[in-house]
Amino acid sequence: MKYNFDQVTDRSHTDATKWYVVQETLDIPDVTPLWIADMDFAVSDPIQAALKKRMECPAYGYTERGPIYTQVMADWFNRRYQYGADPEMMMMSTGVMYSVSAAIRLFSQEGDKILIPTPAYEPFVDKTLSNRRVPTLCPMHEEDGYYTLDFEDMEKKIDEQTKIFILCNPQNPTGRVYTKTELEQIAAFCEKHQLKIIADEIHADFVFDGQFTPIININDYTRQNTIACVSCTKSFNLAGLKISGVIIKNPELFQAFKAEAVNVGIASINIFALEAMKAAYQFSEDWMDQLLEYIKANRDYADEFFRTRLPMIKTRKPEGTYFFWLDMRDCGIEWEKLNQTCIEEGHVYLSEGKFFGEDYLGFERLNLASPRAQLQTGLEKLEKMVLAHQK
Ligand SMILES: Cc1ncc(COP(=O)(O)O)c(C=O)c1O
C-alpha cells in the first residue's frame, strides 16, 4: 500500500466532534470513539497541498466558482458509477442534509407526508419535522441481519398526502447497497404513488460487495423525479469543510432547486472547500481506492471478531458504508442503558440504536473508519464488557 492508514492522526486539539465528546464531555478516561460518521485518517497529500497553497495567498475574498467544480464532480461520478450527469445540471451545496431539506420544501407542502424506511439516519426525520412535514416511518424487513424494504408495510401506510420517498443508498446504518432489482421496485413504487425521490447517496464511494447503482438512472420516472445528493466529504474526510453536490436530470426541477438553494444560502461554498474538492476528485483517486481496501479489511476483521469472539452480538457484514450495525439485544444488558453501559463500563463510544428509530433500542452502530489498532482496541473493550454480562 502506498498510503499508511495505520498512521494515527491526533485530532484531540481540534475540537473534532468525535474526540471532543469523549475527551471533554465525559468524566471517564480513555474512551475509544467509534461513533460519528467521519474518519480518523489524514486527508490525501494533494488535498493538504491544495489547502496550504490557497492559504499562502492571504486574501480570502469573494471567489468565482467556475464550471471546473461541477466538471470534476461530474467526471468522478460518471467515471466511477455511470451517473451520466451533465455538469450544467449539477450544483454544489454546503451539505447533503441542507440539500435534503431544500428538496423537502420543493417537493411538498406543509403537512404532507414523507416516507422514510427505518432504521434511518435521524436527520431525515429531523428535517421532515423542522420543515413541518410528517414522517411516515416504515421499518425494513430483517432476516439474519439482512435488511430489505417492506413494500407491503409501505403500501399500507401510504396515502394521498405522501409526496416524497427518502432513499439512503448505500444505507446508513445497515450497510445495505440496494441491488438494481430493488431499485427498480422502489422506482415502480414511487411511480405508482407519484412520489418524488430524494436520494442520499453520500456513501456511494464505500461499496465493498456488489455494485452501486444510482436510482436516477433506473428509468424515465426516476430521471424526471429524483434529486440525488452526493458528496466528497465522507470519502475524503472533509465534513468540516461543508461541501456536497446535487445531481438532477429534469431541467425544470434543476432550476427550481437552484433557486431555492441560492435563496437559502446553501449554494455559497467556502473557498477552502472548493480547493479540497478539486484536489480530491482530480488527484486523490488512488488514495480513495486504497482507503476502500483498508476499510474493507477493517470490515472483514470486525466481522471475524464478532463471529468468533462475540457471537451474542448479531451482525451482518455490511455491503457498503463504513458502519457495522450491531444487534446487541441478547447481550444481557438492559437495552435502555446499552449505550451508556458501553461508555461507562466498556469505555467505547458507539452510536446509539435509537438515533436510527424507536424500534432500535438494543442496537448500536460502530464506525470502521479508523486505524486498525483503534478499531481493535474498541472491539476488545466491547468484548470485555459484553463477556462480563454473560451469566
Ligand atoms: C446518510 C447521510 N447523509 C448525510 C450525512 C451528512 O451529510 P452533510 O454533512 O453533507 O450534511 C451523513 C453523515 O453522517 C449521512 O450518513
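**Close-up views of a predicted model**

View 1. Arginine 309 lies in helix α12, and the structure shown here, as in every view below, is a predicted model. With a relative accessibility of 35%, arginine 309 counts as partly exposed, because that value falls between the limits of 20% for buried and 50% for exposed residues. When neighbours within four places in sequence are left aside, the residues in contact with arginine 309 are Glu304, Glu380 and Glu383. With glutamate 383 there is a polar contact from side chain to side chain, at 2.8 Å. Valine 21 stands 288 residues from arginine 309 along the chain, and the C-alpha atoms of the two are separated by 28 Å.

**View 2. The two domains of the protein chain.** The chain is divided into domain 1, made up of residues 17–43 + 285–388, and domain 2, which covers residues 53–283. Taken over C-alpha atoms, the centres of domain 1 and domain 2 are separated by 25 Å. Where the domains meet, 29 residues of domain 1 are in contact with 37 residues of domain 2.

**View 3. The shell of residues around the ligand.** The residues around the ligand are Ala37, Gly95, Val96, Met97, Tyr121, Cys168, Asn172, Asp200, Ile202, His203 and Lys234. Sorted by class, this shell holds 6 nonpolar, 3 polar and 2 charged residues.

View 4. The peptide bond from threonine 118 to proline 119 is cis, with an omega angle near 5°, and proline 119 belongs to the loop between strand β3 (113–118) and helix α5 (123–130). The peptide bond from asparagine 169 to proline 170 is also cis, with omega near -10°, and proline 170 is found in the loop between β7 (162–168) and α7 (180–192).

View 5. Arginine 132, although it is not a glycine, has a positive phi of about 60°, and its place is in the loop between α5 and β4 (134–139). Its relative accessibility is 54%, so arginine 132 counts as exposed. Threonine 321, likewise a residue other than glycine, has a positive phi near 70° and is found in the loop between α12 (285–309) and β11 (323–327). Here the relative accessibility is 0%, so threonine 321 counts as buried.

**View 6. Threonine 226 in strand β9.** Threonine 226 lies in strand β9, which comprises residues 226–230, and it counts as buried because its relative accessibility is 1%. A polar atom of the threonine 226 side chain lies 2.6 Å from the backbone oxygen of threonine 222. Not counting residues up to four places away in sequence, threonine 226 touches Ile197, Ala199, Ile215, Ile216, Ile247, Ile248 and Leu253.

View 7. Asparagine 367 has its place in strand β14, residues 363–367, and with a relative accessible area of 1% asparagine 367 is buried.

Note on methods
Residues numbered from 1 in each chain as written. Predicted model: local features only at pLDDT ≥ 70, side-chain atom pairs only at ≥ 80, totals over all residues. Heavy atoms only, no water. Near = heavy atom within 4 Å. Nonpolar A, V, L, I, M, F, W, Y, C, P; charged D, E, K, R; others polar. Helix = DSSP H or I, 4+ residues; strand = E, 2+ residues; numbered from the N terminus. Buried < 20%, exposed > 50% of the residue type's maximum accessible area, 1.4 Å probe, protein only. Domains from an automatic or database assignment. Contact = heavy atoms within 4.5 Å. Polar contact = N/O pair within 3.5 Å; in protein donor to acceptor, adjacent residues only side chain to side chain.
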